[in-house]
Amino acid sequence: MNHLLLSAFYDNVNKNVGPTLMWVFFLLMIIELIYVMVKYLDSNDAKK
């Protein structure tokens, strides 16, 4: 079973699915960080 999982990961990276997933999650993380920064920096709690 371990060999099957390792070969599946190798095929993912070898067939350009791995880097594509990495860029998708990287862009989602950037969007999430921007959302959190806007949410907390634009809050009205700091003005009280």
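Leu-41 is exposed, because its relative accessible area is 72% (exposed means over 50%, buried under 20%, partly exposed in between, with a 1.4 Å probe and protein chains only). Leu-41 sits in helix α2. This is a predicted model, in which local features need pLDDT of at least 70, side-chain atom pairs count only at pLDDT 80 or more, and totals for chains, interfaces and linings use all residues. Residues are numbered from 1 along each chain as its sequence is written, and side-chain values use heavy atoms, without hydrogens and water.

Now the overall fold. The protein has two helices and zero strands (DSSP runs numbered from the N terminus: H or I of at least four residues for helices, E of at least two for strands). Of its 48 residues, 0% are buried.

Next, the aromatic rings. The whole structure holds one aromatic pair. The ring centres of Trp-23 and Phe-26 are 5.6 Å apart and the planes stand at 90°, so the pair is edge-to-face (rings of Phe, Tyr and Trp, the last by its six-membered ring, pair with centres within 6.5 Å; planes under 30 degrees apart are stacked, over 60 edge-to-face, the rest tilted). Both residues belong to helix α2, residues 17–41, and are three residues apart, about one turn of the helix. Trp-23 counts as partly exposed because its relative accessibility is 48%. Phe-26, at 36%, also counts as partly exposed.
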